[in-house]
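Student: I am new to this structure. Could you take me through one part of it closely, and then show me how the rest fits around that part?

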Amino acid sequence: MALNKSMHPRNRYKDKPPDFVYLASKYPEFQKHVQTTLTGRVTLNFKDPEAVRALTCTLLKEDFGLTIEIPLERLIPTVPLRLNYIHWVEDLIGGQGNPQRGIDIGTGASCIYPLLGATMNGWFFLATEVDDICFNYAKKNVEQNHLAELIKVVKVPQKTLLMDALKEESIVYDFCMCNPPFFANQLEAKGVNSRNSRRPPPSSINTGGVTEIMAEGGELEFVKRIIHDSLQLKKRLRWYSCMLGKKCSLAPLKDELRKQGVAKVTHTEFCQGRTMRWALAWSFYDDVPVPSPPCKKRKLEKARKPLTFTVLKATVAELQAQTPHSSPTESVSAWLENILTDLKVLHKRVPGGEVELSLFLTAVENTWIHSRQKRREQGRHLRELPRAQEPPSEETSVTEQQQQPDIPPESPANAEALQHFLFKCLVNVKQEEEKDVLVEMHWVEGQNKDLMNQLCTCLKNALFRQVAKPT
């Protein structure tokens with residue numbers, strides 16, 4: 001079983017996945033469903049509903065002392081994922097072990113949330129159910145685990161959520177939980193309309209009756225109905241909560257709560273292998289502490305190696321001959337600056353190390369991509385005999401300068417261009433032991449790293465062409 005490290009920190013399966021070998025040796029019913037690969041690895045076929053049921057029943061027996069029965073034609077819950085929800089409710093209501101009263105909307109045949117909450121924390125539960133088969137199994141599972149004093153399973157009419165279930169009660173509940181029907185129709189349940197084509201197919205079978213997995217309008221409308229019930233019940237419950245199967249449902253539901261003026265709102269996410277679920281909670285109490293939503297963990301970019309090229313000692317010597325009294329790094333840097341100026345790439349020197357020079361580059365347009373074509377055109381023009389022209393008058397020169405002004409690096413027009421750039425990078429020019437000079441280009445930010453790669457090639461070729469020119 002692949003378990004995600006992003007599971008709730010108190011989830012017992014977070015750092016200790018179920019040991020299939022041990023469970024198979026202890027529970028014959030589970031042993032019938034495990035398979036051993038040629039490499040000796042023990043696996044389970046999660047697309048086989050009987051195998052999934054065997055695992056759920058075995059984990060509940062081994063780790064919680066619960067004996068349950070679930071029909072194959074009804075939803076078979078996964079224990080680690082349900083534990084995540086239980087632990088989050090603990091966070092909402094302020095800890096473990098305190099006697100609390102909760103409601104499980106649509107408890108299912110397994111009645112898993114009330115069974116876990118009662119066994120782990122001694123919570124009292126009102127468990128509602130609309131399906132006859134689920135109701136009978138839930139009631140039987142509660143009775144055979146001797147938890148009838150803590151869990152009351154009630155049969156309610158179709159489309160009933162909170163209002164009808166609480167109309168004859170005056171108790172204030174601490175929370176409600178709900179694993180709503182995720183889908184609006186059969187096509188959506190099969191992933192035809194809702195599943196991104198790039199996502200891998202589900203790794204486990206989807207069991208469940210129609211009332212468990214489908215509802216009019218899907219989970220979005222189902223949870224909106226709970227929100228509307230909560231607006232009438234308000235402080236009859238300290239926390240209202242629901243689990244969601246689709247991340248895209250979270251934002252519109254939060255918007256709905258915002259429109260209704262509900263101030264205390266939070267959310268979280270549950271992870272189990274490739275399965276992701278989200279949960280939303282809200283309260284009308286002013287004194288409840290609100291757990292912070294999970295922070296967005298930004299993926300740390302891997303340190304990228306700079307683009308480099310080496311200017312050999314012989315080439316450095318030629319450059320130094322053309323720029324007397326300069327060091328190797330100064331000569332290479334000066335020639336790079338000349339090339340960057342020709343390419344109209346903005347640049348300025350910045351403080352570098354003791355044995356290196358640094359240039360900060362800002363490319364605002366791609367002037368290097370067609371440089372080869374431009375060189376060919378220049379070559380053709382040089383082969384043509386130019387016709388002698390009279391030197392332009394002072395008035396004409398002034399006019400041309402006004403039409404094509406040179407923009408110095410610090411001009412306002414340049415500052416405006418800096419706001420719309422292709423990329424920025426840092427160029428380090430370092431002298432090596434053999435008097436070669438190494439040029440490094442470090443990416444800073446921008447639209448496309450390929451553009452920096454192109455510029456690097458252009459600079460290298462232009463520098464070497466400049467040295468190869470006949471004197």
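Which residue follows helix 6, and is its phi positive or negative?

Tutor: This is a predicted model, so every value here is computed from predicted atoms. Your residue is H146.

Now look at the helix itself. Helix 6 covers residues 132-144, which makes 13 residues. At 1.5 Å a residue, these should span 18 Å.

D131 provides it. One of its side-chain oxygens lies 3.1 Å from the backbone nitrogen of I133.

Next, the buried residues. In helix 6 these are C134, F135, A138, N141 and V142. They cover an arc of only 135 degrees around the axis, so they sit on the same side of helix 6.

The largest nonpolar core has 56 residues, and F30 and I151 touch the most other members. Helix 4, residues 79-93, gives the largest share of this core, with nine residues. There is also a second, separate core of 31 residues. Among its members are F309, V316, L455 and C458.

Go back to F30 for a moment. T58 touches F30, along with L23 and Y27, when residues up to four places away in sequence are not counted. T58 belongs to helix 3, residues 49-64. Its relative accessibility is 6%, so T58 counts as buried, the cut-off being under 20%.

A disulfide is a covalent bond between the sulfur atoms of two cysteines. For a pair to count here, the two sulfurs must be within 2.5 Å. By this rule there are zero disulfides. Take C178 as a case. Its closest cysteine sulfur is in C242, 4.6 Å away, so the pair is too far apart for a bond. C458 is in no disulfide either, as the nearest cysteine sulfur, that of C456, is 9.9 Å away. Are these two cysteines buried or exposed? C178 is buried, with a relative accessible area of 1%. C458 is buried too, at 11%.

For contrast, turn to R225 in helix 10, residues 218-233. R225 has a relative accessible area of 29%, so it is partly exposed. Leaving aside neighbours within four places in sequence, R225 contacts K159, T160 and L161. R225 and K159 are 66 residues apart along the chain, yet their C-alpha atoms are separated by 9.5 Å.

Finally, step back to the whole protein chain. It has 17 helices and 14 strands. Buried residues make up 44% of its 471 residues. Contacts can also be sorted by separation along the chain. Among those with a separation of 6 or more, 70% join residues 24 or more positions apart. The contact between R225 and K159, 66 residues apart, is one to find in the view.

Definitions and conventions. Residues numbered from 1 in each chain as written. Predicted model: local features only at pLDDT ≥ 70, side-chain atom pairs only at ≥ 80, totals over all residues. Heavy atoms only, no water. Helix = DSSP H or I, 4+ residues; strand = E, 2+ residues; numbered from the N terminus. Expected span 1.5 Å × (residues − 1). Buried < 20%, exposed > 50% of the residue type's maximum accessible area, 1.4 Å probe, protein only. Arc of directions from axis to C-beta. Polar contact = N/O pair within 3.5 Å; in protein donor to acceptor, adjacent residues only side chain to side chain. Core = buried A, V, L, I, M, F, W, Y, C linked by side-chain atoms within 4.5 Å. Contact = heavy atoms within 4.5 Å.
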